[in-house]
Amino acid sequence: MGREVSESCIDSLLTVMVSTYCNRFYANKPELAARRIEAIGYQVGHQLSERYTMERPRFSDHLEAIKFICKDFWFELFKKQIDNLKTNHRGTFVLQDNRFCWLTRMSIDQSPENGTSEELSIMADNKAMQSMHLYFPCGIIRGALSNLGIPCAVSADISNLPACSFVIE
Amino acid sequence: MIVCVAVVGHQNNPLYIQSFTDADDALKLHHIVHCSLDVVDERVNNPKKSGPTLNETFLGLLYPTENYKVYGYLTNTKVKFILVTTDLDVRDADVRNFFRRFHAAYVDAVSNPFHVPGKKITSRTFADRVSTIVQSFGLSSSV
């Protein structure tokens, strides 16, 4: 109740978690590693949403809950709010964070126009590793929303680092 | 005198029921808690009757039975707290205060990584905190 941990510890813990699950536990099964990491995020999101909705009145609809995630929940987790929220009013929301905290330490690949096939496959591997790191925050969002009564599927999109968009359906 | 507190999950599954009297009527208290769940659902699903308190977490007096008063509290995550008391004059502020502390204890218990959501709360720390809150409720309302 009230003890704190430095942010760099959390960053390191997440990096090590992703690399352990990908390289040691489920070395040749990236699908299972992804599922496991997402499940961890789900439990964390579930418990955090309990804590952060404590003082607030109840939400009247889905939009209010999503706005809570974008503003208060994201602020508690990352000290900033979501920069952009888009919806198609038919159940899909896109949350965009222009400087996602956990991706800021990742190198940005400069993609050559006509790379050799070897370079392209290395880049594809890098992309796969980067997307592994996104399963945890996707799980957090999914856990928080399902605890608020909104079942959903969350996926992430990193076409331009360090911005990151989460698509909620 | 608080006789019983209960935590009920969002599928109306009991997560924690604790009675604080020496009498053997635990079953009757469970029954009262169970009936009050219906009242909670009715309050939540009938916006016309609730009026301005639609989105509050504290639901207030649910219904008075022969000897008991039952208060309800609904969290954002659809978890219900039920309080059964035999006091005749209970101040609203006291009950709200009680639920606020109870909610804090509940959040701490659920944040336990070994707690499985949906299963009963088995933490001793939570039970001790709840009995402390219950005892201090009795003292403050007698002043």
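Mentor: Start with axes. An axis is a line fitted to C-alpha atoms, for helices over the stretch in contact, and angles run from 0 to 180 degrees between N-to-C directions. Helices (H or I, at least four residues) and strands (E, at least two) are DSSP runs, numbered from the N terminus. This is a predicted model, where local features need pLDDT of at least 70, side-chain atom pairs count only at pLDDT 80 or more, and totals for chains, interfaces and linings use all residues. Residues are numbered from 1 along each chain as its sequence is written, chains are lettered from A and ligands numbered from 1 in the order in which they are written, and side-chain values use heavy atoms, with hydrogens and water left out.

Trainee: At what angle do the axes of α2(A) and α3(A) cross?

Mentor: They cross at roughly 100° and come within 11 Å. Angles under 35 degrees count as roughly parallel, over 145 as roughly antiparallel, 65 to 115 as roughly perpendicular and the rest as oblique. Therefore α2(A) is roughly perpendicular to α3(A).

Trainee: Which residues meet between α2(A) and α3(A)?

Mentor: Contact means heavy atoms within 4.5 Å. From α2(A) come A:Gly45, A:Leu48, A:Ser49 and A:Tyr52; they meet A:Phe68, A:Phe73, A:Glu76 and A:Leu77 in α3(A). Now sort them by type. Ala, Val, Leu, Ile, Met, Phe, Trp, Tyr, Cys and Pro count as nonpolar, Asp, Glu, Lys and Arg as charged, and the others, Gly among them, as polar. The contact of α2(A) with α3(A) has 5 nonpolar, 2 polar and 1 charged.

Trainee: How many residues of α5(A) are buried?

Mentor: Learn the scale. Buried means under 20% relative accessible area, exposed over 50%, partly exposed in between (1.4 Å probe, protein chains only). In α5(A), 10 of 13 residues are buried. Among them are A:Phe136, A:Ile140 and A:Leu145. Their cover includes α1 (7-25), α2 (30-52), α3 (62-78), β3 (154-157) and β4 (164-168) of chain A.

Trainee: What span does α5(A) reach from its first C-alpha to its last?

Mentor: The expected span of a helix is 1.5 Å times one less than its number of residues. Helix α5 of chain A, residues 135-147, reaches 18 Å, close to the 18 Å expected. Just after α5(A), A:Gly149 has a positive phi of about 95°.

Trainee: In what order do the strands of the open sheet in chain A stand?

Mentor: Two strands pair if DSSP finds at least two bridges between them. The order of the 4 strands is β1-β2-β4-β3, with antiparallel pairing. β1 (84-87) and β3 of chain A are at the edges with a single partner strand each, so one side of each has no neighbour in the sheet. On average, neighbouring strands of this sheet are turned by 20° against each other, direction ignored. α3(A) packs on the sheet and touches β1, β2 and β4 of chain A; its direction makes about 10° with that of β2(A).

Trainee: How many bridges join β2 of chain A to β4(A)?

Mentor: There are 5, and the two strands run antiparallel. A:Val94 has A:Val167 as its bridge partner in β4(A), and A:Gln96 is opposite A:Ser165.

Trainee: Is A:Pro162 buried or partly exposed, and why?

Mentor: A:Pro162 counts as partly exposed because its relative accessibility is 26%. The residue sits in the loop between β3 and β4 of chain A.

Trainee: Which pattern does chain B follow along the sequence?

Mentor: Chain B reads β-β-α-α-β-β-β-α-α. Look at its strand β5, residues 80-85: 6 of 6 residues are buried. β5(B) pairs in the antiparallel sense with β1 of chain B over 6 bridges; B:Val5 is opposite B:Leu83. β4 of chain B also pairs with β5(B) in the antiparallel sense, over 6 bridges, and B:Tyr73 is opposite B:Phe81.
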